Amino acid sequence: MKKSLEIIMDIGEQMMISGAEISRVEESIQHLGRAFGAKRTDAFIITSNMEVSLHDENDASYTQTRRVLNIGTDIEKLHRLNDLIRKICAKNISEEEIKARIEEIKCGTVYSFSVIMLAYGLISGAFALFFGGGVIESVCSFIIGIILSLIVKATERASLNKIFAKFFCSFAATLLAFFCLKLGIVSSVDHIIIGNIMLLIPGVGLTVAIRDLFAGDNLSGALRSIEVVLFAIAIAGGYFLSAGIMGGIAI
Amino acid sequence: MTMLVQIITGTLGALGFALLYNIRGKRLFFAALGGLIATLCYCVFGLFIQSEVLNYFLCSLLVSLYAEIMARIIKTPTTTFIITSLIPLIPGGSLYYTMTTAFSGEISTFIDKGIYTLSLAGALAAGIIVVLSFAKFLGKKRI
């Protein structure tokens, strides 16, 4: 049972890291507990902490807690974990195989950084057009998006506080947009900034927060909502600072 | 013309986010398709429906439904399609104009825009919630 608990914790932790909703993780742990033959499974999970108890036939109980940090969004990982869980529940996989699969999933496959850079550019360029910008604005937004990907990477590497990182990214992106305006490339910064802001808006956070709240995980939902609001304020703050600086310079 | 541009760019935007969230294989295609459906619904409904908030709610409803159905067909978490398909509906433009009015100190416009942005986000959330509740109600195991 101890080994099973270890496996369950590993899977749960990886699910949290890849950005699953709380209800999904708790449900998966219930299924896994049943599959491993526990008489009773108790799971309590909030955004950064998980705690699971298993009871076996002899009424002995095993408990583990884990602190979960570095939560991101990695759908590929989530998909593979989901597949693994389905296999375990169907009981056609050995314990060694499960462990090997978990290790494999932990390493994961991600897109190369050049693809990520391109995605950043694509998103900001596309949304500059989407919200009514012109072609030149879209191109500016595309380039700033690519620069922004480097800045985001740098803030991640420096392991800056997440809220300050958002503030800084927003500040840098708006500053670059105002530079385009001062250089006379565009006549208004609005659509460039909107394109870049779409990159920073915590859309996933909001969606997951809502889903958590209405799946009955009030605490996690509330925590995530607070994070979303703080991020939004940080983004606005970054904009205010650079607009204040650039608005004050007359060229 | 504007509509065509919006549909294409909305889809590209969703595709970009799908790449960022590390979605691969055929799921990448269906995630981008969700973005296409979202923008298409938004544009078409926009022709008939005056209220932007109602439009957002209906789009969010349809897209969430699409996400739930696709997740069951492809056997993958619903999150995959929800977070990417709803991207074009995020009120980024309206959020930005709220910010600019706050910056320039036009308080009454700021409050107007702010409430408007919040109602759009609320409509989006309502759509997700309705579908989520029904999916729970039908009570199929998600794994």
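Mentor: Helices (H or I, at least four residues) and strands (E, at least two) are DSSP runs, numbered from the N terminus. This is a predicted model, in which local features need pLDDT of at least 70, side-chain atom pairs count only at pLDDT 80 or more, and totals for chains, interfaces and linings use all residues. Residues are numbered from 1 along each chain as its sequence is written, and side-chain values use heavy atoms, with hydrogens and water left out.

Trainee: Where is Ser159(A) found?

Mentor: Look in the loop between helix H6 (135-157) and helix H7 (162-182) of chain A.

Trainee: How do I read its phi?

Mentor: Most residues other than glycine have a negative phi. Ser159(A) is not a glycine, yet its phi is positive, about 40°.

Trainee: Is Ser159(A) buried or exposed?

Mentor: Buried means under 20% relative accessible area, exposed over 50%, and partly exposed in between (1.4 Å probe, protein chains only). Ser159(A) has a relative accessible area of 61%, so it is exposed.

Trainee: What about Asn70(A)?

Mentor: Asn70(A) also has a positive phi, about 55°, and is not a glycine. Its place is the loop between strand S3 (61-67) and helix H3 (75-90) of chain A. Asn70(A) counts as exposed because its relative accessibility is 69%.

Trainee: Now the interface. How many residues of chain B are in contact with chain A?

Mentor: Contact means heavy atoms within 4.5 Å. By that rule, 48 residues of chain B touch 51 residues of chain A.

Trainee: How many salt bridges are there between chain B and chain A?

Mentor: A salt bridge is a side-chain nitrogen of Lys or Arg within 4 Å of a carboxyl oxygen of Asp or Glu. The count here is two. Arg27(B) forms one with Glu76(A), with the closest N and O atoms 3.4 Å apart.

Trainee: Which helices of chain B supply the side that touches chain A?

Mentor: H1 (2-20), H2 (26-48), H4 (79-85), H5 (92-104) and H6 (107-138) of chain B each supply at least two residues. The largest share, 11 residues, comes from H1(B).

Trainee: And the nonpolar core?

Mentor: A nonpolar core is a set of buried Ala, Val, Leu, Ile, Met, Phe, Trp, Tyr and Cys residues joined through side-chain atoms within 4.5 Å. The largest has 72 residues. Those with the most contacts inside it include Ile193(A) and Tyr96(B). Leaving aside neighbours within four places in sequence, Ile193(A) is in contact with Thr174(A), Ala177(A), Phe178(A), Tyr239(A) and Tyr96(B). A second, separate core of 29 residues includes Met15(A) and Ile88(A).

Key
Chains lettered and ligands numbered in written order.
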